[in-house]
Amino acid sequence: MATQLKVLNLTGCLSLRSTPNLSAFESLEILILEECENLEMIHHSIMLIKSLISLNVNSCRRLEELPIRIGRMEQLRELLINDTAIREIPISKGDLMKLEILCASWCPQLAQLPESIGSLKLLTQLDLSHSEIDKLPESMDSLESLTQLDLSYSYVEELPHSMGSLELLTQLDLSHSGIRKFPESMGSLVSLIQLDLSYSGIEELPEPIGSLKKLETLNAFNCALLAHIHSSIGNLTSLSLLDLRKCHKLAKLPNSIDSLVSLQRLLLRGCLLLKEITDSIGKLVSLTELDLKSTSIVELPQSIEKLQNLRILDIRGTHITELPGAMLIPRIFKH
(Lines give C-alpha, C1' and ligand atoms only; values in the text may rest on other atoms or scores of the structure.)
Protein backbone atom coordinates (compact mmCIF):
# COMPACT_ATOMS: atom_id res chain seq x y z
CA MET A 1 0.00 0.00 0.00
CA ALA A 2 2.81 2.45 0.89
CA THR A 3 4.24 2.32 -2.63
CA GLN A 4 0.94 3.58 -4.14
CA LEU A 5 0.10 6.25 -1.56
CA LYS A 6 -0.19 9.76 -3.03
CA VAL A 7 -1.14 11.81 0.05
CA LEU A 8 0.01 11.31 3.65
CA ASN A 9 -1.69 13.61 6.15
CA LEU A 10 -0.35 13.47 9.70
CA THR A 11 -1.80 16.80 10.86
CA GLY A 12 -1.85 17.24 14.63
CA CYS A 13 0.09 14.08 15.54
CA LEU A 14 1.40 15.45 18.81
CA SER A 15 3.39 12.35 19.72
CA LEU A 16 5.44 12.49 16.52
CA ARG A 17 9.02 13.63 17.25
CA SER A 18 10.61 12.35 14.05
CA THR A 19 9.15 11.12 10.82
CA PRO A 20 9.79 7.44 10.13
CA ASN A 21 11.83 6.14 7.24
CA LEU A 22 9.83 7.30 4.23
CA SER A 23 11.71 5.47 1.50
CA ALA A 24 8.82 3.04 0.94
CA PHE A 25 6.48 5.89 -0.09
CA GLU A 26 7.95 6.08 -3.56
CA SER A 27 4.78 7.54 -5.18
CA LEU A 28 4.00 10.11 -2.46
CA GLU A 29 3.13 13.55 -3.81
CA ILE A 30 1.83 15.43 -0.76
CA LEU A 31 3.19 15.17 2.79
CA ILE A 32 1.33 17.14 5.46
CA LEU A 33 2.91 17.38 8.91
CA GLU A 34 1.07 20.53 9.98
CA GLU A 35 0.64 21.14 13.73
CA CYS A 36 2.84 18.23 14.70
CA GLU A 37 4.01 20.48 17.52
CA ASN A 38 6.61 18.10 18.93
CA LEU A 39 8.22 17.22 15.61
CA GLU A 40 11.96 17.90 15.79
CA MET A 41 13.33 16.04 12.78
CA ILE A 42 12.36 14.99 9.28
CA HIS A 43 14.06 11.70 8.40
CA HIS A 44 16.64 12.10 5.62
CA SER A 45 14.89 9.36 3.62
CA ILE A 46 12.48 12.02 2.39
CA MET A 47 15.14 12.73 -0.24
CA LEU A 48 14.32 9.39 -1.83
CA ILE A 49 10.74 10.41 -2.64
CA LYS A 50 11.26 11.65 -6.18
CA SER A 51 7.56 12.33 -6.72
CA LEU A 52 6.96 14.73 -3.78
CA ILE A 53 5.44 18.03 -4.93
CA SER A 54 4.23 19.49 -1.61
CA LEU A 55 5.75 19.52 1.88
CA ASN A 56 3.77 21.18 4.66
CA VAL A 57 5.36 21.57 8.11
CA ASN A 58 3.32 24.60 9.18
CA SER A 59 3.14 25.09 12.98
CA CYS A 60 5.75 22.44 13.74
CA ARG A 61 7.16 24.80 16.33
CA ARG A 62 10.04 22.60 17.50
CA LEU A 63 11.33 21.95 14.02
CA GLU A 64 14.61 23.87 13.67
CA GLU A 65 15.96 22.54 10.41
CA LEU A 66 15.00 21.04 7.11
CA PRO A 67 16.87 18.03 5.69
CA ILE A 68 20.17 19.37 4.42
CA ARG A 69 19.61 18.01 0.93
CA ILE A 70 16.02 19.15 0.52
CA GLY A 71 17.15 21.18 -2.45
CA ARG A 72 17.60 17.95 -4.39
CA MET A 73 13.86 17.30 -4.44
CA GLU A 74 13.43 18.03 -8.11
CA GLN A 75 9.63 17.83 -8.27
CA LEU A 76 8.85 19.95 -5.19
CA ARG A 77 6.50 22.80 -6.07
CA GLU A 78 5.24 23.88 -2.64
CA LEU A 79 7.23 24.32 0.58
CA LEU A 80 5.26 25.53 3.61
CA ILE A 81 7.30 26.21 6.75
CA ASN A 82 5.14 28.86 8.44
CA ASP A 83 5.28 29.13 12.24
CA THR A 84 8.34 26.93 12.74
CA ALA A 85 11.74 27.38 14.40
CA ILE A 86 13.59 26.80 11.11
CA ARG A 87 16.79 28.86 10.95
CA GLU A 88 17.72 28.56 7.28
CA ILE A 89 16.52 27.28 3.95
CA PRO A 90 19.31 24.96 2.81
CA ILE A 91 19.31 25.38 -0.94
CA SER A 92 22.13 25.89 -3.39
CA LYS A 93 22.16 27.28 -6.91
CA GLY A 94 20.25 24.96 -9.18
CA ASP A 95 18.11 23.46 -6.40
CA LEU A 96 14.29 23.28 -6.29
CA MET A 97 13.98 24.41 -9.88
CA LYS A 98 10.26 23.62 -9.96
CA LEU A 99 9.33 25.33 -6.68
CA GLU A 100 6.35 27.68 -7.13
CA ILE A 101 5.30 28.52 -3.56
CA LEU A 102 7.54 29.23 -0.57
CA CYS A 103 5.78 30.33 2.62
CA ALA A 104 7.96 31.15 5.63
CA SER A 105 5.86 33.50 7.74
CA TRP A 106 6.06 33.59 11.55
CA CYS A 107 9.56 32.07 11.51
CA PRO A 108 11.28 33.94 14.37
CA GLN A 109 14.64 32.22 13.81
CA LEU A 110 14.81 32.84 10.07
CA ALA A 111 17.03 35.92 9.70
CA GLN A 112 18.16 35.73 6.07
CA LEU A 113 17.55 34.16 2.71
CA PRO A 114 20.28 32.35 0.79
CA GLU A 115 21.68 34.22 -2.20
CA SER A 116 20.85 31.13 -4.19
CA ILE A 117 17.13 31.89 -3.89
CA GLY A 118 17.53 33.61 -7.22
CA SER A 119 17.70 30.21 -8.89
CA LEU A 120 14.01 29.55 -8.14
CA LYS A 121 12.95 30.55 -11.62
CA LEU A 122 9.38 29.25 -11.31
CA LEU A 123 8.62 30.76 -7.89
CA THR A 124 5.33 32.70 -8.02
CA GLN A 125 4.56 33.25 -4.32
CA LEU A 126 7.03 34.22 -1.55
CA ASP A 127 5.71 34.89 1.95
CA LEU A 128 8.25 36.21 4.48
CA SER A 129 5.80 38.03 6.73
CA HIS A 130 6.41 38.16 10.51
CA SER A 131 10.00 37.02 10.02
CA GLU A 132 13.28 38.39 11.35
CA ILE A 133 14.58 39.02 7.84
CA ASP A 134 15.95 42.56 7.49
CA LYS A 135 17.59 42.38 4.08
CA LEU A 136 16.79 40.76 0.77
CA PRO A 137 19.51 39.29 -1.46
CA GLU A 138 20.29 41.06 -4.75
CA SER A 139 19.58 37.77 -6.53
CA MET A 140 15.87 38.50 -6.07
CA ASP A 141 15.99 39.99 -9.55
CA SER A 142 16.19 36.49 -10.97
CA LEU A 143 12.76 35.49 -9.61
CA GLU A 144 11.29 36.20 -12.99
CA SER A 145 7.98 34.37 -12.34
CA LEU A 146 7.22 35.98 -8.95
CA THR A 147 3.71 37.45 -8.72
CA GLN A 148 3.17 37.76 -4.94
CA LEU A 149 5.67 39.02 -2.34
CA ASP A 150 4.67 39.45 1.31
CA LEU A 151 7.15 41.29 3.56
CA SER A 152 4.60 42.53 6.08
CA TYR A 153 5.74 42.71 9.72
CA SER A 154 9.32 42.09 8.63
CA TYR A 155 12.40 44.16 9.49
CA VAL A 156 13.21 44.98 5.88
CA GLU A 157 14.13 48.69 5.67
CA GLU A 158 14.99 48.92 2.01
CA LEU A 159 14.40 46.97 -1.14
CA PRO A 160 17.28 45.96 -3.41
CA HIS A 161 17.52 47.93 -6.65
CA SER A 162 17.27 44.64 -8.48
CA MET A 163 13.61 44.40 -7.40
CA GLY A 164 12.70 46.40 -10.48
CA SER A 165 13.29 43.29 -12.58
CA LEU A 166 10.22 41.55 -11.14
CA GLU A 167 8.05 42.48 -14.08
CA LEU A 168 5.32 39.92 -13.28
CA LEU A 169 4.83 41.02 -9.66
CA THR A 170 1.16 41.86 -9.04
CA GLN A 171 0.98 42.00 -5.22
CA LEU A 172 3.52 43.59 -2.87
CA ASP A 173 2.79 43.77 0.86
CA LEU A 174 5.13 46.01 2.87
CA SER A 175 2.67 46.78 5.66
CA HIS A 176 4.08 47.04 9.19
CA SER A 177 7.60 46.73 7.76
CA GLY A 178 10.61 48.96 8.35
CA ILE A 179 10.62 50.20 4.76
CA ARG A 180 11.32 53.94 4.47
CA LYS A 181 11.87 54.60 0.79
CA PHE A 182 11.55 53.08 -2.63
CA PRO A 183 14.44 52.40 -4.96
CA GLU A 184 14.13 54.17 -8.32
CA SER A 185 13.72 50.77 -9.94
CA MET A 186 10.30 50.35 -8.29
CA GLY A 187 8.81 52.10 -11.29
CA SER A 188 9.66 49.03 -13.36
CA LEU A 189 7.11 46.86 -11.56
CA VAL A 190 4.78 47.32 -14.50
CA SER A 191 2.36 44.51 -13.52
CA LEU A 192 1.80 45.62 -9.93
CA ILE A 193 -1.91 45.72 -9.01
CA GLN A 194 -1.87 45.88 -5.18
CA LEU A 195 0.63 47.81 -3.06
CA ASP A 196 0.20 47.80 0.72
CA LEU A 197 2.37 50.26 2.68
CA SER A 198 0.12 50.60 5.72
CA TYR A 199 1.88 51.16 9.06
CA SER A 200 5.26 51.30 7.31
CA GLY A 201 7.96 53.96 7.73
CA ILE A 202 7.62 55.25 4.16
CA GLU A 203 8.35 58.99 4.00
CA GLU A 204 7.25 59.83 0.47
CA LEU A 205 5.66 58.42 -2.66
CA PRO A 206 8.32 59.48 -5.19
CA GLU A 207 8.16 59.98 -8.94
CA PRO A 208 8.52 56.28 -9.89
CA ILE A 209 5.10 55.61 -8.30
CA GLY A 210 3.57 57.12 -11.44
CA SER A 211 4.97 54.31 -13.59
CA LEU A 212 2.82 51.66 -11.92
CA LYS A 213 0.12 52.03 -14.56
CA LYS A 214 -1.76 48.84 -13.61
CA LEU A 215 -1.98 49.67 -9.89
CA GLU A 216 -5.54 49.36 -8.59
CA THR A 217 -5.05 49.50 -4.82
CA LEU A 218 -2.63 51.77 -2.96
CA ASN A 219 -2.88 51.43 0.80
CA ALA A 220 -0.81 53.86 2.88
CA PHE A 221 -3.02 53.78 5.97
CA ASN A 222 -1.29 55.06 9.10
CA CYS A 223 2.01 55.93 7.41
CA ALA A 224 2.87 58.44 10.10
CA LEU A 225 6.01 59.70 8.31
CA LEU A 226 4.49 60.13 4.85
CA ALA A 227 4.77 63.84 4.03
CA HIS A 228 4.97 64.06 0.24
CA ILE A 229 3.24 62.52 -2.76
CA HIS A 230 4.74 63.19 -6.18
CA SER A 231 2.48 64.60 -8.87
CA SER A 232 3.18 61.53 -11.02
CA ILE A 233 0.51 59.74 -9.01
CA GLY A 234 -1.90 61.26 -11.51
CA ASN A 235 -0.68 58.69 -14.05
CA LEU A 236 -2.33 55.84 -12.12
CA THR A 237 -5.44 55.73 -14.25
CA SER A 238 -6.33 52.20 -13.08
CA LEU A 239 -6.29 53.12 -9.37
CA SER A 240 -9.61 52.45 -7.64
CA LEU A 241 -8.58 52.74 -3.95
CA LEU A 242 -6.27 55.35 -2.42
CA ASP A 243 -6.09 54.97 1.35
CA LEU A 244 -4.17 57.75 3.09
CA ARG A 245 -5.95 57.65 6.44
CA LYS A 246 -3.94 58.82 9.45
CA CYS A 247 -0.99 60.10 7.43
CA HIS A 248 -0.42 62.76 10.06
CA LYS A 249 2.40 64.59 8.25
CA LEU A 250 0.59 64.85 4.92
CA ALA A 251 -0.40 68.50 4.43
CA LYS A 252 -1.19 68.56 0.72
CA LEU A 253 -2.34 66.35 -2.13
CA PRO A 254 -0.96 66.98 -5.62
CA ASN A 255 -3.42 68.62 -8.01
CA SER A 256 -2.77 65.78 -10.44
CA ILE A 257 -4.98 63.58 -8.28
CA ASP A 258 -7.87 64.80 -10.42
CA SER A 259 -6.56 62.54 -13.22
CA LEU A 260 -7.40 59.35 -11.33
CA VAL A 261 -10.41 58.60 -13.51
CA SER A 262 -10.94 55.08 -12.07
CA LEU A 263 -10.73 56.14 -8.42
CA GLN A 264 -13.72 54.96 -6.42
CA ARG A 265 -12.57 55.43 -2.83
CA LEU A 266 -10.44 58.33 -1.56
CA LEU A 267 -9.80 57.93 2.17
CA LEU A 268 -8.16 60.86 3.97
CA ARG A 269 -9.53 60.43 7.48
CA GLY A 270 -7.19 61.61 10.22
CA CYS A 271 -4.84 63.60 7.94
CA LEU A 272 -4.70 66.36 10.54
CA LEU A 273 -2.58 68.79 8.49
CA LEU A 274 -4.67 68.53 5.34
CA LYS A 275 -6.49 71.85 4.84
CA GLU A 276 -7.81 71.56 1.29
CA ILE A 277 -8.50 69.28 -1.60
CA THR A 278 -8.00 70.15 -5.25
CA ASP A 279 -10.59 72.46 -6.85
CA SER A 280 -10.88 70.03 -9.74
CA ILE A 281 -11.96 67.04 -7.64
CA GLY A 282 -15.12 67.01 -9.73
CA LYS A 283 -13.12 65.24 -12.46
CA LEU A 284 -13.07 62.05 -10.35
CA VAL A 285 -16.11 60.73 -12.17
CA SER A 286 -15.89 57.23 -10.65
CA LEU A 287 -15.65 58.36 -7.02
CA THR A 288 -18.20 56.71 -4.70
CA GLU A 289 -16.63 57.42 -1.29
CA LEU A 290 -14.79 60.48 0.02
CA ASP A 291 -13.67 60.26 3.64
CA LEU A 292 -12.53 63.60 5.06
CA LYS A 293 -13.28 62.91 8.70
CA SER A 294 -10.93 64.56 11.23
CA THR A 295 -9.02 66.63 8.68
CA SER A 296 -8.42 70.39 8.79
CA ILE A 297 -10.43 71.03 5.63
CA VAL A 298 -12.72 74.03 6.01
CA GLU A 299 -14.41 74.16 2.62
CA LEU A 300 -15.45 71.84 -0.17
CA PRO A 301 -14.72 72.96 -3.74
CA GLN A 302 -17.71 73.77 -5.92
CA SER A 303 -16.75 71.09 -8.43
CA ILE A 304 -17.72 68.40 -5.93
CA GLU A 305 -21.25 68.83 -7.25
CA LYS A 306 -20.16 66.97 -10.38
CA LEU A 307 -19.48 63.74 -8.50
CA GLN A 308 -22.65 62.02 -9.63
CA ASN A 309 -21.54 58.59 -8.37
CA LEU A 310 -20.61 59.78 -4.87
CA ARG A 311 -22.51 57.81 -2.24
CA ILE A 312 -20.54 58.41 0.95
CA LEU A 313 -19.13 61.74 2.09
CA ASP A 314 -17.81 61.82 5.65
CA ILE A 315 -16.97 65.30 6.96
CA ARG A 316 -17.29 64.68 10.67
CA GLY A 317 -14.66 66.39 12.76
CA THR A 318 -13.88 69.02 10.12
CA HIS A 319 -14.59 72.77 10.02
CA ILE A 320 -16.82 72.50 6.97
CA THR A 321 -19.99 74.48 7.60
CA GLU A 322 -21.86 74.10 4.33
CA LEU A 323 -22.16 71.98 1.23
CA PRO A 324 -22.37 73.19 -2.35
CA GLY A 325 -26.08 73.69 -2.98
CA ALA A 326 -26.58 71.36 -5.93
CA MET A 327 -25.17 68.25 -4.24
CA LEU A 328 -27.42 65.19 -4.41
CA ILE A 329 -25.80 62.61 -2.16
CA PRO A 330 -27.70 59.68 -0.63
CA ARG A 331 -25.51 59.43 2.46
CA ILE A 332 -23.75 62.33 4.18
CA PHE A 333 -22.12 61.97 7.59
CA LYS A 334 -21.69 65.18 9.51
CA HIS A 335 -21.84 66.36 13.09
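Predicted model: local features only at pLDDT ≥ 70, side-chain atom pairs only at ≥ 80, totals over all residues.
**Stop 1: the annotated span.** Select residues 144–222. An unreviewed UniProt entry lists them as "domain: Disease resistance R13L4/SHOC-2-like LRR".

**Stop 2: the largest pocket.** Next select Glu 65, Leu 66, Pro 67, Ile 68 and Arg 69. Of the 18 residues that line the largest pocket, these are the closest to its centre. The volume of this pocket is about 350 Å³. Its lining holds nine nonpolar residues, eight charged and one polar.

**Stop 3: the second largest pocket.** Move to Glu 138, Glu 158, Leu 159, Pro 160 and His 161, which lie nearest the centre of the second largest pocket. Here 13 residues form the lining, and the volume is about 240 Å³. By class, six lining residues are nonpolar, six are charged and one is polar.

**Stop 4: the cavity.** How many cavities of 30 Å³ or more are there? The count is one. To find the largest cavity, select Phe 182, Met 186, Gly 187, Pro 206, Pro 208, Ile 209 and Leu 212, which line it. The space inside is about 40 Å³. Which classes of residue make up this lining? Six residues are nonpolar and one is polar, with no charged residues.

Technical notes:
Residues numbered from 1 in each chain as written. Heavy atoms only, no water. UniProt positions renumbered as here; feature names shortened; annotations may be inferred. 1 Å grid on protein atoms, 1.4 Å probe; cavity = no way out; pocket = protein on both sides within 12 Å on 5 of 7 lines; lining within 4 Å. Points joined across faces, edges and corners; volume = space filled by probe spheres on them. Nonpolar A, V, L, I, M, F, W, Y, C, P; charged D, E, K, R; others polar.
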